[in-house]
Amino acid sequence: MNYSDLCMQYVASGIDLLEKLINVHVCRFQMAAEPVNLNEFQELARLALPKMYYDFYAGGAEDEHTLKENVEAFHRITFRSRILVDVSRIDLSTTILDYKISAPIIIAPTALHKLANPEGEVATARAAASCNTIMVLSFTSSSSIEEVAASSNAVRFYQLYNDYTAVEEFGRPLINQSQLCSNFEADANETMDASLSWKDLEWLRSITNLPILIKGILTREDGKIKAPSDDMSIALFCFPCSLRLKEDSFPFIHSIKAVEVGVAGIIVSNHGARQLDYSPATISALEEVVHAVKGRVPILMDGGVRRGTDVFKALALGAQAVLIGRPVVYGLAAKGEYGVRRVIEMLKDEFELTMALTGCPSVKHITRKHVRTEQERIHSML
């Protein structure tokens, strides 16, 4: 074999190797094209989005310790299953403030969905409607309230952040809500009021008959809240289905700490680990708040939910439902409205399987005795 023939052989071998590598990557892409869990949606979102957008959604505060702990804390909770329980029929449905939803899985408020997909929050709302669950619209939504309200008949809550000026504006009957949302980013640094306290929440209650949920509670001290008064309506805790918007058509989720104020419910949250690093993981803080509240108001939680098993663990520790944030955005970035729907459906399917394998035919059968925390495991070894 001469030198020329030898070179051609190496070239041919290289082409064969390249073809094999291409085939491997094509197979990997085809597998990833239909994700089988939420982590794969995150990887698809990373590939689909500009790095700046992905980092905005995925990042956490400082060292990102709490960001990692939000997920890993779930891993340290194990199950105590029951056997020989009739689970031929599994009912995932639950009721949150008189709204029946298909499963205790709610879409959390997350900002700027149009960075993930051109349809933005409108696509997310349609997915929520098709899954029969609640969507919480972010105060920093990239779609107007009117657009989201017109998109579907989903039950929608509204997040009002700790901007005193905006709170005051929002209370006025003739406020242009879409302008309020679109202007938020521009003047956020100027309008955020560090002096906000529980007395401002009392003022907020004085201007609306809507129920108020407080988001961001992590301790029993802040969890000791008064139950809402009997005259606090919950009938208006969602968007109207029509395009016509009224001042009293939206609920408030106010991200300030409150001590002994009358609220309709609380959300145990560290705000996606984007605020104070080394805050506790929300699943680790959940039970402390549950014990303080003693069932007087519903408790929801968010942060780190990536599996249906996580949903089960949160309910076993006392939450009525979980909110999911980043996975929804990842689904939206990867596959639009369909991706959001698949994220919710995956969690529901995994949650249903977990209920069956732990011997729980309905949500009400999930109890504290179905899980063992890390502290209990260590104590049992002593």
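This is a short chat about a few spots in a predicted model.

Reader: Let's start with K313. Where is K313 found?
Author: K313 sits in helix 12, which covers residues 308-316.

Reader: And is K313 buried or exposed?
Author: K313 is buried, and it has no salt bridge. The nearest side chain of opposite charge belongs to D310, 4.5 Å away. A salt bridge would need the charged atoms within 4 Å.

Reader: OK, which residues is K313 in contact with, leaving aside its neighbours within four places in sequence?
Author: Those are F74, H75, I77, F79, I283 and V371.

Reader: I283, hmm. Which residues of helix 11 are buried?
Author: I283 is one of them, together with T282, A285, L286, E287, V289, V290, A292 and V293. That makes nine of the 12 residues in helix 11, so the helix is largely enclosed by the rest of the structure.

Reader: How far does helix 11 reach from its first C-alpha to its last?
Author: Helix 11, residues 282-293, reaches 16 Å, close to the 16 Å expected at 1.5 Å a residue.

Reader: What comes just after helix 11?
Author: K294 does, and it takes a positive phi of about 60°.

Reader: Switching to strands. Which way do the residues of strand 9 point?
Author: G265 and I267 point one way, I266 and V268 the other, and all are buried. In a regular strand, side chains alternate between the two faces of the sheet.

Reader: Which strands does strand 9 run parallel to?
Author: Strand 7, residues 212-217, pairs with strand 9 in the parallel sense over four bridges. Strand 10, residues 299-302, also runs parallel to strand 9, and three bridges join the two.

Reader: What stands opposite V268 in those strands?
Author: I217 stands opposite V268, and in strand 10 M301 stands opposite V268.

Reader: So what do strand 9, helix 11 and strand 10 make?
Author: They make a β-α-β unit, and it is right-handed.

Reader: Last one: K369. Where is its place, and is K369 buried or exposed?
Author: K369 lies in the loop between helix 13 (326-358) and strand 12 (371-372). K369 has a relative accessible area of 58%, and the cut-off for exposed is over 50%, so K369 counts as exposed.

Reader: What is K369 in contact with, again leaving aside neighbours within four places in sequence?
Author: K369 is in contact with R80 and R82.

Reader: And how far apart are K369 and L317 in space?
Author: They are 9.1 Å apart, C-alpha to C-alpha, and 52 residues apart in sequence.

Methods. Residues numbered from 1 in each chain as written. Predicted model: local features only at pLDDT ≥ 70, side-chain atom pairs only at ≥ 80, totals over all residues. Heavy atoms only, no water. Buried < 20%, exposed > 50% of the residue type's maximum accessible area, 1.4 Å probe, protein only. Lys, Arg positive; Asp, Glu negative; His and termini not counted. Contact = heavy atoms within 4.5 Å. Expected span 1.5 Å × (residues − 1). Pairing = 2+ DSSP bridges. Right-handed = clockwise from strand over helix to strand, strands pointing away.
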